[in-house]
Amino acid sequence: MAERKMKGGHSSWIERFKPGGDVRTHLVLAGVMWTVVGGTLTVFGGQWLWHASPGAAWWLAALALMAGLVKSRFVLDAAARRIVARIRSRGDGRCLGGVLSPGSWGLVVLMAAAGRVLRSVPSIRTWVGFLYVAVGSALLVSSRIAW
């Protein structure tokens, strides 16, 4: 069977084998990503707070959770709404990797690299734990928009 050329010069086999999904699948994927990353950051951050500063861990965790709620309300809720609107506007059949824009994927890579660097400095583990709990709880709360 001859390969049919598609718009932009891509072969039809790309369209046939890409990991595509409908809008609902993309929304579930976005919700899962935000929930898993948020939960993971919150759990690890809480553990680091507990081990690095056992006497103040509860207070620091409570402050981090409050900071996370503020970040969720004033920063991440808007970002989640933009992601959901983007997913809906793109329609069905799009590649699952497109759940985030290229710029958002770049930000994910940058944040992962920053987290890696921060984790390599043991003397600031309490502050990294605080940051992880704040960001993680914000992601968890804002994931409700995709769900």
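Predicted model: local features only at pLDDT ≥ 70, side-chain atom pairs only at ≥ 80, totals over all residues.
Student: Which word describes how α3 lies relative to α5: parallel, perpendicular or oblique?

Tutor: Good thing to ask! Angles under 35 degrees count as roughly parallel, and 65 to 115 as roughly perpendicular. The crossing here is roughly 45°, so α3 is, relative to α5, oblique.

Student: Is the crossing of α3 and α5 left-handed or right-handed, and how many nonpolar residues does the contact have?

Tutor: Happy to take both. α3 passes α5 in a right-handed crossing. The contact of α3 with α5 also has 5 polar and 2 charged residues, while its nonpolar residues number 16.

Student: How are α2 and α5 arranged, roughly parallel or roughly antiparallel?

Tutor: Helix α2 covers residues 23-52 and helix α5 covers residues 125-142. Their axes come within 7 Å and cross at roughly 150°. Angles over 145 degrees count as roughly antiparallel, so α2 and α5 are roughly antiparallel.

Student: How many charged residues are in the contact of α2 with α5?

Tutor: The crossing of α2 and α5 is left-handed. In their contact, 13 residues are nonpolar and 11 are polar. The number of charged residues is 1.

Student: Which residue forms a salt bridge with Arg-144, and how far apart in sequence are the parts that the pair ties together?

Tutor: The partner of Arg-144 is Asp-77, with the closest N and O atoms 2.8 Å apart. Arg-144 lies in the segment after α5, and Asp-77 in helix α3 (residues 57-90). The pair therefore ties together parts whose separation in sequence is 67 residues.

Conventions: Residues numbered from 1 in each chain as written. Heavy atoms only, no water. Axes fitted to C-alpha atoms, helices over the stretch in contact; angles between N-to-C directions. Helix = DSSP H or I, 4+ residues; strand = E, 2+ residues; numbered from the N terminus. Left-handed = near helix turned anticlockwise from the far one by under 90°. Nonpolar A, V, L, I, M, F, W, Y, C, P; charged D, E, K, R; others polar. Salt bridge = Lys/Arg side-chain N within 4 Å of Asp/Glu carboxyl O.
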